[in-house]
Amino acid sequence: SIYNTENIILVGYDSGNSISHGSRESPKYIKKISEAYRTEKYDNDNLKGWLIPDLWDGNKYLLNNSNINSYQINGYYLDFLDTLSNKLSEFSNFWLVGGDHSITYSGIKSLIQAGKKDIVLIYFDAHIDGGIEKKNVTNSNQISKILSFPEVTKVYQIGRRGVFSSLNTQNVKNSKFLFLNSTSELPYSEIENSTIYCSIDLDILDPSVAKAVSAPVPNGFSLKDLENELKNLYDFSHIDYGDITEYQPQKDDSLITGQIIIRLLLLGLSISSCKIE
């Protein structure tokens, strides 16, 4: 398969993680890692789909070539996320890569701005991200903010584990919010006509697999586990929107986590309408 990569958008953004900072630096590292997988020098059709054509050449988007998403902007988190959602609303499909998990809020809001009514979020995350203690959207409360949109009809979390504070859970006691053990439990017939957004927080993976994340939690998925979960989503042929978040490149000495992002992105593209047969 050959992938339409025009709507892969690198986002370098950190809304203020209290444990570690660094998601704002992720685009340049992902670009660097992707260079090892460039295939434009090869004419063999058998290679296409296994290697990457060069996802981030000069024609690709980095928030319309603005540097606003390269740094944390203190006190203006919402301004940035609104700027991002405004830009995303112009796209018929997209995958965001990099940034912290608050960028999912922008992705969902962009769908609403584009007129979508029945939106379902499927997200992989060790943490609930359901806090209500902050007015600004952050990577610890974006799920609460997303649940407040009437256009969002269901939110499914897969991979919850660890110890959770009451602040992080009190606002997800909501009939629209459900925990699942696996994507195989999704009620396909109920949501097959919805607009579906898939979000991957890299801390879904065990730290032994991917250590370069903002807030690692033990006893996570193996890479094979997560890939199988994503393959279950092939039943939906219309997952046109998604993101891969919380990459901390300064922790990635061997660039293993960055390579995992490339692999997951290819899977994400293959379950979306970016796939061209």
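**Entry 1: the faces of β8.** I looked at both sides of strand β8 in this predicted model and found each of them covered. Tyr241, Asp243 and Thr245 are buried on one side, while Gly242 and Ile244 are buried on the other.

**Entry 2: the neighbours of β8.** Next I asked myself which strands pair with β8. One is β3 (residues 94–97), which pairs with β8 in the parallel sense over 4 bridges. Here I noted Val97 opposite Ile244. Another is β7 (residues 195–201), also parallel to β8, over 5 bridges. On this side Tyr197 stands opposite Tyr241.

Entry 3: I followed the chain into the loop between β8 and α8 (256–270), where I found Glu246. Its phi is positive, about 70°, although Glu246 is not a glycine. Is Glu246 buried or exposed? With buried meaning under 20% relative accessible area, Glu246 counts as buried at 4% relative accessibility.

**Entry 4: another positive phi.** I then turned to Asp129, a residue other than glycine with a positive phi near 60°. I located Asp129 in the loop between β4 (119–124) and α4 (142–147). Its relative accessibility is 6%, so Asp129 counts as buried.

Terms used:
Residues are numbered from 1 along each chain as its sequence is written. This is a predicted model: local features need pLDDT of at least 70, side-chain atom pairs count only at pLDDT 80 or more; totals for chains, interfaces and linings use all residues. Side-chain values use heavy atoms; hydrogens and water are left out. Buried means under 20% relative accessible area, exposed over 50%, partly exposed in between (1.4 Å probe, protein chains only). Helices (H or I, at least four residues) and strands (E, at least two) are DSSP runs, numbered from the N terminus. Two strands pair if DSSP finds at least two bridges between them.
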